Structures are given as structure tokens and as C-alpha cells.
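Hi everyone, thanks for coming.

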Amino acid sequence: MVGYEYVSPEQLAGFDKYKYSAVDTNPLSLYVMHPFWNTVVKIFPTWLAPNLITFSGFLLIVFNFLLMAYFDPDFYASAPDHKHVPDWAWIVVGILNFVAYTLDGVDGKQARRTNSSTPLGELFDHGLDSWSCVYCVVTVYSIFGRGSSGVSVFVLYLLLWVVLFSFILSHWEKYNTGILFLPWGYDISQVTISIVYIVTAVVGVEAWYEPFLFNFLYRDLFTSMIIGCALCVTLPMSLLNFFRSYKNNTLKYNSVYEAMVPFFSPCLLFVLSTAWILQSPSDILELYPRVFYFMVGTAFSNITCQLIVCQMSSTRCPTLSWLLVPLFLIVMVVNVGVTSYVESILLFILTTAVTLAHIHYGVRVVKQLSNHFQIYPFSLRKPNSDLGKEEKNIGL
């Protein structure tokens, strides 16, 4: 299992034929962020590998998640009569979130600037983005938290799924059309969230207790913006792009079943995790919301990464992910009846297993593609360049 190769020979052959194709029509991205990124990228030295920029941005998102987990482990820190997150922490999170967003926009430009664009770079970028979804959403949750002035953990769970499905929708588009239509919601949300973090440090979380308009609270605005963006922007544009491709007869799959296969595993993950929450004898989501979110988000990222590999290699997406098997078994056990202690242990074991499996998947896929394209993932040097014999034999 340690040396298991997840990318098949057929998929490796597909990567050899792959050509990047994306469309970005977001005015904020086109007229504000891209000019900004074009300026920022000139700061980076030409020897800096694009994948290192990508990974650095991802680590900043993870750091924000861990920082909020320290100050707000149970999402009660923003509630009245609770010890709040320090103002300086909000400033740090806001700055780092924008820096991470900037690095995510700059990595591709650095790749073209250094003539080092590879399919691995795109896969690495989008794969980490799929995992960043849960970190970003859960970190934002600390602004409102739960309690009388916040959002319930179950509502946040549903909002997390709105974000996750919005993310996979764009890759479902590319799986069927061959073109990645970059979603408008991503740029708008990242800029807005970064500003809100800074504003929270200035005005304090108490400011979010007050009504935004009449009896419409800020927490309601937060919920409405996520759902509204998904239903009024992301979903309609995705369906429009899909039907345009259908009308132009450029869809890769003519069968409705084959076209919808990428949604099978995410939908089953949603059904199983929701069933666990509803059947839980100890109300597991109330006990360990952060762990449960992380488990769901990590499993989702693994499923999405497999889809991205298939879309880029023009191969068929797996019908179901094997990571759903242990989750299914746990839901069955919980349905029969277990103690609160046993259920908690099962959650932590599953979360650990899913995380290790996903990390193993990522490391092995990166290593396979690095060997296939004969590149170092975090360096611009080639394995066949003038290096010492020992340095050439260094693995990932």
C-alpha cells in the first residue's frame, strides 16, 4: 500500500495529451486581481517553483484554521458572555487569507513566467484548493460561531456542503466540456472574507450581534450570501455552460448517466454523513463539530482529486470512492446503537484514517507524475540536469 500507484498507465498517457483550457469572465478577477497579480509575480525570483508558491498558500490557510481552533475550539468564542478571539488574531487571519488568495492567483503566472507549466502544477493547485474549502469555511464560522447570536452547527454543516458542491460543480463542467469555467464566487468571497476579518478586529464580534436591516441579522446575511451565490450565480452559470456545450455537440459524454457519475460519490458522502448526524445517539455534531467538518471536507477533497485526475487525463471517473466504505459501516453501527464514548472514538479513528489516506494519495500521485514528467515538484531543476549522482537519486 505504501508504494501503491493511483494513476493508471491510461491516465498517464492522457496527461501527455492534456492542454490547459480555462475561461475566466469575472470582472473582479479580470480588471482588478489579474493586474494586481501581474505586478506581484515580478517580486518572486525566477528560481522559485510555482508548486512551492501553491503549497505555501495552502499552509497559510491551514495555519488560519489551526489558529482559530486554538482560540475557538467549540465555536462559542464569538457568543455573548464568552471569551472572544483576540483582535490581533483576526488581523493575522485576514492578512494571511488575502496573502494565500494572492499566492493562489500568482502560482500560474509564475509557471508561465518561468516556462515551467505542467499538468502536475494544475493538479497540485486544484487538488489543494479542494481541501482548502473546509479550512476556509470553518475558519469563517468563528466570526459568528454558535449560540444565541450565531449559526447552529448543523446549519454550518449544510452551508459547508453548499460550498463543496459549488466547488465540484466547476470540475464537473470541465469533466464534461473540457473547459474549466472559473467560478465568480471564489474571487468575490475571498476578498470579502479578508475584509470581514479585519473589520471584526476593528469593531469587535459584538457588532455582528446587531440587526443588519430591520430584523435581518448579520448571521442571516452570511447564510444568505453563501446560498444565494450558489443558487443564483454558480449553479445557473454551470448549467448554462453545460447546455452550450450540449448545443454545440462538444460534450465528452452523451449519456446522462456517464455525465452525472462525478456526483455519485459526493452525494453518497453527503447522505451518509447526514444520516450519521441525524441518527447519532450522542449528537456527535454538537460534541465535535470541528472534527466532523474536517472529516467530511477531507473525504470530499479526496473524491474531488480523483475527479480532477480523470478530467485532466480524459478518463472515466470512478463511480464510487472506497473511502465511503468505512463511513457506511460506521453509520450502520451507529444506527444499531453505541455509547457516546464509542461513537466519539469511531469519529476520531475515521477522521485519522481518511486524513492519512488522503495524504498518501496526494503524495503518491505527485510522485508518479513527477517521475512521469521527469521533474522535481518543488524545484525548477530537472532530474537530468547537471546534478551530482546522489542528488539525482533523491525522491519526493
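Let's start with helix α5 (residues 119-144) and helix α7 (residues 184-203): their axes come within 11 Å and cross at roughly 35 degrees. Helices here are DSSP runs of H or I, at least four residues, numbered from the N terminus; axes are lines fitted to C-alpha atoms over the stretch in contact, with angles from 0 to 180 degrees between N-to-C directions. Who touches whom, with contact meaning heavy atoms within 4.5 Å? From α5 we have C136, T139, V140 and I143, and from α7 there's Q190, I193, V196, Y197 and T200. By class, that's 6 nonpolar, 3 polar and no charged residues.

Quick housekeeping: this is a predicted model, where local features need pLDDT of at least 70 and side-chain atom pairs count only at pLDDT 80 or more, while totals for chains, interfaces and linings use all residues. Residues are numbered from 1 along each chain as its sequence is written, and side-chain values use heavy atoms, leaving out hydrogens and water.

So how confident is the predictor, on the pLDDT scale from 0 to 100 for each residue? The chain averages 90, and 96% of the residues score at least 70. Over residues 386-396, though, pLDDT stays under 50. Where pLDDT is low, the predicted coordinates should not be read in detail.

Last, cavities: sets of points on a 1 Å grid over the protein atoms alone where a 1.4 Å probe fits but cannot get out. There are 3 of 30 Å³ or more, volume being the space filled by probe spheres set on the points. α12 gives the most to the lining of the largest one, with 3 residues; lining residues have an atom within 4 Å of a point.

Definitions and conventions: Helix = DSSP H or I, 4+ residues; strand = E, 2+ residues; numbered from the N terminus. Contact = heavy atoms within 4.5 Å. Nonpolar A, V, L, I, M, F, W, Y, C, P; charged D, E, K, R; others polar. 1 Å grid on protein atoms, 1.4 Å probe; cavity = no way out; pocket = protein on both sides within 12 Å on 5 of 7 lines; lining within 4 Å.
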